[in-house]
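Please read it alongside the displayed coordinates.

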Amino acid sequence: MKDTTKHQGLRNQLANVLEAKGINDEKVLKAIRKIPRHLFMDSSFEAHAYQDKAFPIAAEQTISQPYTVAFQSQVLEVKPEEKVLEIGTGSGYQTAVLLELNAEVYSIERQHELFKKTSMFLPRLGYKPKRFIFGDGYKGLLEEAPFDKIIVTAGAPYVPKALLAQIKVGGRLLIPVGDQEQVMTLFIRKSPKEFEKHELGDFRFVPMLKKKN
Ligand code: SAH
């Protein structure tokens, strides 16, 4: 598969659609215009890669809807060199957006098939997170904590305490919380003991799973 001017045109259109839906962070829109989303998907879905939709990837998981990726990236307010923990590597598309924002990215995936596939694929496109981790996102990544930002890209039944504990004061945890449908929930750490909580609307994610296979 390759990237063509036709794909570039479709990406520009997608960025316009996201802008119309309220995404206004220029750096995020620039990343959407740049990243070849069609290469992150099964070739049978390639023709639809620049629609604002989620699609199946391996291991019964999905590549998130571009609007969701853009929204989460915008709310996270990632600044260059910030340490960001991503839970749910999946296809690596959100990882690529975080890298375009110049974050230092640590990404955890619990499905071995996806961990293997994406940790080989992303660097080939030039996207190099600090670490890919095969493990359980409920635990966060204690040995690399604290993080400026933590982003969860699967629906969490509850907010794991370990994740709240691993953000810096002034840092953010963005996590979709709920079973069938999730409320996008932002926690801003105000002090070691205080968190400000914001609920940012309903989204739909595949569930965050408890145990490794
Ligand atoms: N950002 C990804 C989203 C993939 S869907 C993308 O757009 O491609 C959610 C991902 O979270 C899946 O890959 C799933 O395997 C992973 N996941 C689910 N539960 C997890 C857990 N407990 N720890 C780490 N990853 C998990």
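How many nonpolar, polar and charged residues does the lining of the second largest pocket have?

1. Second largest pocket. This is a predicted model. By class, eight nonpolar, four polar and two charged residues make up the lining of the second largest pocket. The space in this pocket comes to about 260 Å³. Its lining counts 14 residues, and Leu39, Phe40, Met41, Asp42 and Lys117 are the closest to its centre.

2. Largest pocket. The largest pocket holds about 500 Å³ of space. Its lining is formed by 35 residues, with Thr62, Gly88, Thr153, Ala154 and Val206 nearest the centre. Two or more lining residues come from each of β2 (62-63), α3 (66-76), β3 (83-87), α4 (93-100) and β4 (104-109). In terms of class, the lining comprises 15 nonpolar, 15 polar and five charged residues.

3. Placement of the ligand. The ligand is located in the largest pocket.

4. A polar side-chain atom of Asp136 is 3.2 Å from a nitrogen atom of the ligand. For Thr153, a polar side-chain atom lies 3.3 Å from a ligand nitrogen atom. Gly88 takes part through its backbone, with a polar atom 3.4 Å from a nitrogen atom of the ligand. The ligand taken alone exposes 570 Å², and 100% of that area is buried by the protein.

5. Backbone geometry. Most residues other than glycine have a negative phi, and most peptide bonds are trans. Two sites in the model deserve a check on this account. Glu81, which is not a glycine, has a positive phi of about 75°; Glu81 belongs to the loop between α3 and β3. The peptide bond joining Ala145 and Pro146 is cis, with omega about 0°. Pro146 is placed in the loop between β5 (131-134) and β6 (147-152).

Methods
Residues are numbered from 1 along each chain as its sequence is written. This is a predicted model: local features need pLDDT of at least 70, side-chain atom pairs count only at pLDDT 80 or more; totals for chains, interfaces and linings use all residues. Side-chain values use heavy atoms; hydrogens and water are left out. On a 1 Å grid over the protein atoms alone, a cavity is a set of points where a 1.4 Å probe fits but cannot get out, and a pocket is an open set with protein on both sides within 12 Å along at least five of seven lines; lining residues have an atom within 4 Å of a point. Grid points are joined across faces, edges and corners, and a volume is the space filled by probe spheres set on the points. Helices (H or I, at least four residues) and strands (E, at least two) are DSSP runs, numbered from the N terminus. Ala, Val, Leu, Ile, Met, Phe, Trp, Tyr, Cys and Pro count as nonpolar, Asp, Glu, Lys and Arg as charged, and the others, Gly among them, as polar. A polar contact is a pair of N or O atoms within 3.5 Å; within protein, one must be able to donate a hydrogen and the other to accept it, and residues adjacent in sequence count only if both atoms are side-chain atoms. Accessible areas come from the Shrake-Rupley method with a 1.4 Å probe; for residues, only the protein chains shown count as cover. A molecule sits in a cavity or pocket if more than half of its atoms lie within 2 Å of its grid points.
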